[in-house]
Every structure is written in structure tokens, then in C-alpha cells.
Amino acid sequence: MNKNTVLAWATFIMIVTGLGLIALGAFRYRDVSGWGFAAVGVGFLANAWVFNALKGRV
């Protein structure tokens, strides 16, 4: 496994985790903690975007 494959897997895992956290914030926790889950999920998606941009450059 080369470094681009590792970054691709990390991107995929972070996208799944981010979407899961956003879904938890939207459907499971409807109070203030839901906003926190959704914010962390958006952070995971932003980090996955950076990992995807690094593919081929590292």
C-alpha cells in the first residue's frame, strides 16, 4: 500500500465518520449536543477534503 492509497482510505473513513456524526446530530440528539455533533462532523468532512487534496502531492 503506497501513501496515496493510505490517504484515500483515510479520506473515505473520515467522510463516513463525518456523515455519521452529522446524522447523529440531526436525528438522535435534538438538543444543544446535536449542534456539537454536527459541528464535529463538518470538521471531519473538511479534514477529509484536505486529505483528498493532498493525494498525489505528498
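Predicted model: local features only at pLDDT ≥ 70, side-chain atom pairs only at ≥ 80, totals over all residues.
A polar contact, as the term is used on this tour, is a pair of N or O atoms within 3.5 Å, and within protein one of the two must be able to donate a hydrogen and the other to accept it.

**Stop one: Thr11.** Select Thr11, which lies in helix α1, the helix that covers residues 3-28. Display its side chain together with the backbone of Leu7, and you will find that the Thr11 side chain reaches the backbone oxygen of Leu7 at 2.7 Å, a separation that falls within the 3.5 Å limit for a polar contact. Thr11 has a relative accessible area of 8% and is therefore buried, the cut-off being under 20%. If you leave aside the neighbours within four places in sequence, the residues in contact with Thr11 are Ala48, Phe51 and Asn52.

**Stop two: Ala38.** Now go to helix α2, residues 32-54, where Ala38 has its place. Ala38 is partly exposed, at a relative accessible area of 22%, and, not counting residues up to four places away in sequence, Ala38 touches Leu21, Ile22 and Gly25. For a sense of scale, draw a distance between the C-alpha atoms of Ala38 and Val16, which are 22 residues apart along the chain and separated by 13 Å.

**Stop three: Leu24.** Return to helix α1 and select Leu24, a residue that counts as partly exposed at 34% relative accessibility. Beyond the residues up to four places away in sequence, Leu24 touches Tyr29 and Phe37.

**Stop four: the aromatic pairs.** How many aromatic pairs does a search of the whole structure find? There are 2. Select Trp9 and Phe12, whose rings form an edge-to-face pair, 6.1 Å centre to centre with 85° between the planes. Because these two residues are 3 apart in helix α1, Trp9 and Phe12 are separated by about one helical turn. Phe12 itself is partly exposed, with a relative accessible area of 48%.

Then select Tyr29 and Phe37, which form a stacked pair, 4.9 Å centre to centre and with 5° between the planes. Tyr29 is partly exposed at a relative accessible area of 30%, and Phe37 is likewise partly exposed, at 27%.

Technical notes
Residues numbered from 1 in each chain as written. Heavy atoms only, no water. Helix = DSSP H or I, 4+ residues; strand = E, 2+ residues; numbered from the N terminus. Buried < 20%, exposed > 50% of the residue type's maximum accessible area, 1.4 Å probe, protein only. Contact = heavy atoms within 4.5 Å. Phe/Tyr/Trp six-rings, centres within 6.5 Å; stacked < 30°, edge-to-face > 60°.
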